[in-house]
Amino acid sequence: MSRLKLYFDTLSQPSRSLLIFLEANKISYEPKLVRLGKGEQNTPEFLKLNPLHQVPIIDDNGFVLRESVGILRYLCREKNVADHWYPKDSKRQAKVDEYLEWQHLGTRLGCGMYFRIMWLEPLVTGRTPDLKDIQRCKTQMTNACDIIENHWLKNKFICGDEISIADVLAAAELEQPRLAGYDPREGRPKLAEFMARVREATNPAYDEAHKIINAVVEKSKGQSPEKEKKSG
């Protein structure tokens, strides 16, 4: 039987979520690195898999699936994973789905757009972001992080006392703004403890998935893009 193939780049938050999930559950897969920074998502070969130029993608013995939330749900149904990742019980599953629906316009949009405007676009275009755009995106991001802190974290994990796919998606998104000099854990003790629990529950997969991000953050310590913009 053909192995599951995962097309990914660890600079992609959803890609990291899938890597963590696959490794934590010891699901055999063939890694297919797509270097977004080199434009490999624009090649004719890749566009046959995803005309939208995006990762992650899985190819499960010829069945190609895009979009991380759909992929995680599929893997929970098709592979041998513990029930707590995506419970079969209707009400418990609905609580996971509740977060998965919120996160698109919550952490996904908030953290992702701040990273994009503060780190990715300046890197690609060489242009300095506009202060109004910075403030708008930062407000959106901090609001999302505050909602995580004050609304979603009533238990050890987002949907209860056991880890689920909601948690690996959330943690990967919350790690992303660190590349742009903002750490969502600062001033949010419940969020900080939550991220530590997700890391502990999934390591060494968590640290491996974030190896490049951690290296970039370490290298750029003390060089917040926002501070540079204000001083310039």
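A helix axis here is a line fitted to C-alpha atoms over the stretch in contact, and angles between axes run from 0 to 180 degrees between N-to-C directions. The helices themselves are DSSP runs (H or I, at least four residues), as are strands (E, at least two), and both are numbered from the N terminus. The structure above is a predicted model, in which local features need pLDDT of at least 70 and side-chain atom pairs count only at pLDDT 80 or more, while totals for chains, interfaces and linings use all residues. Residues are numbered from 1 along each chain as its sequence is written, and side-chain values use heavy atoms, with hydrogens and water left out.

Let us start with a pair of helices. The axes of α5 (residues 107-125) and α6 come within 8 Å and cross at roughly 145 degrees. The crossing of α5 past α6 is left-handed (the near helix is turned anticlockwise from the far one by less than a right angle; clockwise would be right-handed). Which residues of α5 and α6 meet? From α5 come Thr107, Leu109, Gly110, Cys111, Met113, Tyr114, Ile117 and Met118, and from α6 come Asp133, Ile134, Cys137, Lys138, Gln140, Met141, Ala144, Cys145 and Ile148. Contact here means heavy atoms within 4.5 Å. Sorted by class, this contact has 12 nonpolar, three polar and two charged residues (Ala, Val, Leu, Ile, Met, Phe, Trp, Tyr, Cys and Pro count as nonpolar, Asp, Glu, Lys and Arg as charged, and the others, Gly among them, as polar).

Now follow the chain on to another helix pair. Helix α7 (residues 165-175) packs with α8 at an angle of about 120 degrees, their axes being 10 Å apart. The crossing of α7 and α8 is left-handed. On the α7 side the contact is made by Asp167, Val168, Ala170, Ala171, Leu174 and Glu175, and on the α8 side by Leu191, Phe194, Met195, Val198 and Thr202. Eight of the residues in the contact of α7 with α8 are nonpolar, one is polar and two are charged.

Arginine 197 also belongs to helix α8 (residues 189-202). Is arginine 197 buried, exposed or partly exposed? Its relative accessible area is 25%, so arginine 197 is partly exposed (buried means under 20%, exposed over 50% and partly exposed in between, with a 1.4 Å probe and protein chains only). Not counting residues up to four places away in sequence, arginine 197 touches Asn155, Lys156 and Phe157. A polar atom of the arginine 197 side chain lies 2.8 Å from the backbone oxygen of lysine 156. This is a polar contact (a pair of N or O atoms within 3.5 Å; within protein, one must be able to donate a hydrogen and the other to accept it, and residues adjacent in sequence count only if both atoms are side-chain atoms).

Aromatic rings come next. A pair of aromatic rings is described by the distance of the centres and the angle of the planes. Rings of Phe, Tyr and Trp (its six-membered ring) pair if their centres lie within 6.5 Å; planes under 30 degrees apart count as stacked, over 60 as edge-to-face and the rest as tilted. How many aromatic pairs does a search of the whole structure find? The search finds seven. In one of them, the rings of tyrosine 99 and tryptophan 102 have centres 5.6 Å apart and planes at 45 degrees, so the pair is tilted. Both residues lie in helix α4 (residues 90-103), three residues apart, about one turn of the helix. Tyrosine 99 is buried, with a relative accessible area of 0%, whereas tryptophan 102 is partly exposed at 23%.

Tyrosine 99 has another partner. Its ring and that of tryptophan 152 have centres 5.2 Å apart and planes at 90 degrees, so this pair is edge-to-face. Tyrosine 99 lies in α4 and tryptophan 152 in α6 (residues 131-152), so the pair ties together parts that are 53 residues apart in sequence. Tyrosine 99 and tryptophan 152 are both buried. Through ring pairs, Tyr99, Trp102 and Trp152 are linked into a cluster.

Last, look at helix α3 (residues 68-78), which is mostly covered: eight of its 11 residues are buried. They are Ser68, Val69, Ile71, Leu72, Arg73, Tyr74, Leu75 and Cys76. These buried residues pack against β1 (4-8), α1 (13-24), β3 (57-60), β4 (63-66), α4 and α7.
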